Amino acid sequence: MKNTMRQKLLPYIAVIGLLSSCNDEVLDTIPYGESTSAEFWRNGTDAVAASTAMYEPLRWEDMYGHSENVFDNCSDDIFRAGDHGYEEAMENFTFDPSNDGFRYGWGAKYEIISRANSVLINVPNIEDIDAALKDRILGEAHFLRAFAYWRFSVLYGEVPLILEANAIEGNFNVPKSSLADIRAQVEADLVMAASLLPETHDAENLGRVNKGSANGLLAKLYLYEDEFQKSIDAGEAVIDGPYPLADNFRDNFVPATENNPEMLFSVQGEENWGDVPKMFDAPRPWGGWDFHDPIQSVVDEFEDGDTRLANSILSPGDMVDRGESGILEFTADLTQTGFSLTKYANYKADGNLDGDQNVPVLRVADVYLLVAEAKIRLNGPGSGDFEINEVRRRAGLAPIENADMPELIHERRVELVGENQRHQDLMRWDKANIIDIAAIYAEDRGQFDPPRTFVRPKHYYFPIPQREIDLSNGVLIQNENY
Amino acid sequence: MKKEDHDRAYLSYVKSSYGISAFYLLTLFLAVTVNANNTVSSEGYSNAFATNWAIALAAPQERTVQGLVSDETGQPLPGATVQIKGTSSGVTTDFDGNFSIEVSGDAVLVVSYLGYATKEVAVANQSTVNVSLEPDASQLDEVFVVGYGTTAKKDVTGAISSVDGDDFKNLPVASVDKVLQGRLAGVQVVNNGGAPGAGASIRIRGTGTVNNSDPLYVIDGVPTGSIAGINQNNIESIEVLKDASASAIYGTRAANGVVIITTKKGRRGQKTEMTLDAYTGFSNVVKTIDVLEAPALAEIKRERYANDGIPVDEIWNDSQYLTQRTNWQNELFRTGTTQNVDLTITGSSEKSSFLFGLGYYDEQGVIEKAKANRLSLQMNSDHRITDWLKIEQNLSLSTRADNGFNTTSAQTGLIWSAIRFHPGLPVRNADGSYSSSQVSSEFGDINNPMYTVNIDDAKDRKTRILSNVAAEISFTPELKFKANFGVDAEIRDQRSYDAQILDQIRQRGTSSRYRGYEETYSFLMEYFLSYNKVFGDHVVGGVAGYTEQSFDSQGFNARTYNVESAESQKLLTNGDADTAGEFRSHDGLKSIFGRLNYSYKDKYLVTATLRSDESSRFAEGNQRGTFPAFSLGWRVSEESFFDIPLISDLKLTGGWGELGNQNISRLQYLARLSGGRRYSFGLDGSNQVEGVAQASYANPDVTWETVVMSNFGLNIGFADNRLTTNFNYFIKNTEDMLLQPPAIGSQGTISSPFQNVGEVENKGLEIELNWQDNKGDLSYGVGANASFVKNKVIKLVDGNFLASSFYGRPNQELSRTFEGEPIATFFGWKTNGLFQTQADIDGHATQEGAVPGDVQFVDINEDGVIDDQDRTIIGSPHPDMTYGINANIAYKGFDVTAFFLGAAGVDIYNADRMQGLDASYPFNVYSDIEGRWTGAGTSNSIPRVSTLRTNLNHRTSDMFVESGDYFRLKNLTIGYSLPVDYIEKINLSRLRLYVTAQNLFTITGYSGMDPELGLTDGNLQQNVDFAQFPQARTFLLGVNLSF
């Protein structure tokens, strides 16, 4: 009886075994919360999301969160002040290719390029999208790719050029392109961007790049290429466009007003996401980390009555509104050099640093001075007076006449102090035999700007990160003299 | 998807996946129930069955002898072997332990059963012979739990090591992995610091892959990746399957070895007993790092400026900071406590037995708020429903919580901070606020470590259920079917509050509240048939089955900002919304497996195993992996020609097999995009949007890693097996190792997809020795084991190296993995002392910026320039040998156990000391800096101090590679059991008191806090000193009580 019962079980067991073996569902898996490339790129919403992602790496500490700002420590305006050892070597031109500073932004810039390439590959094929929106997004992609290569061109000179075809083929380990090719790509992308981007954005899209951003960067590119007329044309397209200088110089550096029309391109900060550029400039006892201190010589560069000084640099005796903490006097012992950049540091009502602070990258005032420089170098002294005086007028200074390069150099230094222009400006002028950068850097201006050895042409470009050389298996060749 | 849709989709998924099995399980139970109510005896069938076999095997025209084989308690032993001595005739007993055999003349019956001493009985003229077997204590007859069955030690042809639960009972550690350290040859336990609740990494036969190389755990038949939450005091035994032959039955997840854990059960025939085990104790750090006091620190700082010709920062002449105020390590470390209570009740009836265990463990670490606790419940039972149906169930339920601090960061690590925080600052200022290094950038970007401890507010609780129910049906005594259903589920509940930090240098602009909730659940379903039969000289065994396991996780988390710090207000609802997310994942495995065992005359042994799996980790078409293994054994000592009196047992084994590893991130075969790329637009930045970008590149070809392993074993027993020895040599090759080619910068910041391109080799020798003896009231034993493993990477992507994470602020590279070298070697410059004079520098290869007192680096490539090209391998974190020694002695009521362990031939990169001697950092420094170079001949090992990094004296170099060899008295226990006749008066059956010291002493030349440092970047960085949480020295007082 029991035997039969036991035997009766056998078929059940057999059936269980068989059925279980047929259960394939246990192997089915789904990428929850993610999409594959084949499922994405459906409509305008997807395209906007992809375009937004192109901006995101700009916020990273490896980019304008900090590292991109370190390159201008090399200038004669700024002392590194911070406690990052590698920044000391960068400032003093004692670095080698393994220095962290050269590695930090390398991948981040290519990430922007990668995201822009994705947009340029996929968005043209989207049908369910408004035509104007499509143009805007493609324009943003061209601009951001151009911007990343622009930064590569001024920092490293020659780098691998990764475009749509590389992304499609997965072909990333390629030799460097020449500086001319990199610049040609930047130009082509900016020209496309200028044709595709709208002149302005609605209020909620301020912070995205516009036509003025593209033309402004184009003006800068051409000036670096000694293409003066092209620089003037591109720059004047901005000056003549809906991009007035802000009435108040300080508006460009205060969270509530910094996305005004003068700001052609800036990196947007967000308090709650822990964005930190503010920390790097503010004094330690006031909640900052005290990096990038201005030195005495740049403070001395300001003319009497220049309203830009107090709005760019805190000097002993300046009073600072720190909300609930009161109006406090800035004293020399608060920072290493006794001065502090204030362009990136504002305080909220509760007395703490405001994390919504943006990092300005390209302002219309910069474009005015680019055009002035192109005009002077093309047509001689006096030809840039209009543009220089527009900038001076806002600073509360009297107009000047027959301005030549020394006046232009002075104006750029005080207008743009702390905005990552000075070292690049000096090298541009040195290459054009207008100044002697090696002599300027060799001067002894005391503890915070001791004599430094600038070697031509070695130091015109930073070395390619050693890690990239190592990983390329011989494909990537180090810059000359390193 | 709306929530209801989610639920519905999920439910339908569960139904489709498990509904089928649930249905058949129900059917099975119904069938069983019907059967259990059926009272008709099975004798007829059984006897007939047994008789048939007997007739087939026995010589004709003989008389029949019947009998019963039972165990020491009188329980029948079905399946026992009854053989006629000197012949190949034999039978096995039926379900009721009965046998019937044809004999002639003065036959002698040889009766044997797994785990029991074999007995010989002369039949004489009896017609009924009842035999009672005694359990066999001899090691050779020890039984190993192997996958899907058990095997006698003498029959093992693979490499298996085993440790008894009693050997590690009542050790003061929070998790089972740590108790395995030093216990078994071939099993290396890498302690990742000594924080309460910190896990250890178990490496069986070396580090087989740069990926996840943790072994597979099988707990009461349920395969799982974790042993967290299991109370070690509930463990009966742990078996480690080391070679391919032993572990291939778990093929697809066995590449890193298999650890089988069997929890304690009730024993049939045992009366109900309650035991209480409890201990309590305290712990302290063994060693702290000597650092400078405030005046000496100021002197060093002033000297470094003087050396550089830079004006001294005024703060170093400020008397306020020249006064020694705080030894931060002494402030941070305190006396910790450890407590444990286990209550166990076991008992049995004729048909059932049970175990009930309730335990509570609590450890308060040597740093405040570093703690771990665990409440665990174990309920096991087994039931012989009928003579052919057995049901057993095991249930482990645990809830555990731990909290700790980051101690592996050279920027924010807590102990790192305490070593470096300015000693001239008080813990708190006069106004009660915590002191801060905001005072000056000369004090570095370190937060006050006591402040960090003070604001720590995090809870992380995990509740786990691990359970299985198995039914075993015996069709005949030889043929059994077993169905096993298991669940392994865990709920993790995390909550933390990050306070706003404004008065310290590392700030947090806004406070935030985080809550995370995650469920992981795995279901196991398996069916297998097993067969064991003696045919005269031939013993045949086999098992074959199907198994399927799913792994799901789901959860959500959220963070809000600007949450008030009042305890009552620390809720998500009280903040500004930031992120809220939900996640889900699913993995699945299904497999068929089989194993055949054969032995001839107990001398020649063969084992063959095959497992074939399909895994959802891979794309369709690449899902299946098939892993075969076999092994042979020869028991030389059973040969008639073998006659060496001293050697009581001698066995040679050899085996080969393939194993798999699928432990990689899921969905590697898809190119995926993901969101969360945040940016804020709008005039005031209020338009906060999330972008979507590519998150991964695809490799559709990604598939199994395969380990190919050969094993050669030699077992020798001496002097009646009082001394047993076990030698194993293995060659383990990991092929198709999954590697992510280093992402070159020009592809952006997305990592490369995994490819099956790498190869790693581990070769090694394992030795286990065991001596056990009694002399009257004295019993004693010594066990020793040692493992010698050589690790070598054979192949990586395109001949490139694998980088590891960098150390500290200047991002120093410490470890690289190269072809032809072990995983995670230290990589840097070689040094040759210090330059004493300018002449030394002039006579040396060009070393830009060097001045006397700087380190002289070796020009490895002899190109006349010291640069990056001169870096080379300067050490290896893999020990040449790891070992353990366990000694015990008992005399009358006293017992003493001492357990030593250690490692030899291992290097440590003392990164903490490297930075601690570098005066260019704005931190406190090691006291060793007092011996620095201050002029020719003053030092040849500690360079001059400087704020500049012109010579990079403290770059990664062999100056900071130290020997990590150590020998540690891990555990010493001295116990006394009160005489039974005395305690019986107070109704106890046992009362033992003991004291235990853990980590009592360590002999090591290593200068850091603790030579056991563990992994700091997966397998790619090991034995690097970040000032990890050190292991404490613990003293305990304990009691064992039985009623």
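Tutor: In this predicted model, V163(B) has I238(B) of β15(B) as its bridge partner.

Strand β43 (residues 894–904) of chain B is joined to strand β46 (residues 966–977) of chain B by ten bridges, and the two run antiparallel. Here D895(B) stands opposite G975(B) in β46(B). β46(B) is also joined to strand β47 (residues 990–1004) of chain B, by eleven bridges and again antiparallel. In that pairing, I974(B) stands opposite V995(B) in β47(B).

Strand pairing also links the two chains. β1(A) pairs with strand β30 (residues 672–681) of chain B in the antiparallel sense, over two bridges. T36(A) has R672(B) in β30(B) as its bridge partner.

Now the contact between the chains as a whole: chain A supplies 88 residues and chain B supplies 90 residues. On the side of chain A that touches chain B, the elements that give two or more residues are α1 (2–21), β1 (35–36), α2 (44–55), α4 (85–91), α5 (100–122) and α19 (466–471) of chain A. The most comes from α1(A), with 13 residues. Sorted by class, this side of chain A has 35 nonpolar, 32 polar and 21 charged residues.

Two packed helices are described by the angle between their axes and the distance between the axes. The axes of α2(A) and α5(A) come within 8 Å and cross at roughly 160°. Angles over 145 degrees count as roughly antiparallel, and α2(A) and α5(A) are therefore roughly antiparallel to each other. The crossing in which α2(A) passes α5(A) is left-handed. From α2(A), the contact uses A50(A), S51(A), A53(A) and M54(A), while α5(A) brings I112(A), R115(A), A116(A), S118(A) and V119(A). By class, this contact of α2(A) with α5(A) has six nonpolar, two polar and one charged residues.

Last, the layout of chain A in domains. Chain A is divided into domain 1, made of 41–197 + 454–476, and domain 2, made of 279–356. The C-alpha centres of these two domains of chain A lie 31 Å apart. The two are in contact, with ten residues of domain 1 of chain A against 13 residues of domain 2 of chain A. On the domain 1 side of this contact in chain A there are three nonpolar, four polar and three charged residues.

Note on methods
Residues numbered from 1 in each chain as written. Chains lettered and ligands numbered in written order. Predicted model: local features only at pLDDT ≥ 70, side-chain atom pairs only at ≥ 80, totals over all residues. Contact = placed C-beta atoms within 7 Å. Helix = DSSP H or I, 4+ residues; strand = E, 2+ residues; numbered from the N terminus. Nonpolar A, V, L, I, M, F, W, Y, C, P; charged D, E, K, R; others polar. Pairing = 2+ DSSP bridges. Domains from an automatic or database assignment. Axes fitted to C-alpha atoms, helices over the stretch in contact; angles between N-to-C directions. Parallel < 35°, antiparallel > 145°, perpendicular 65-115°, else oblique. Left-handed = near helix turned anticlockwise from the far one by under 90°.
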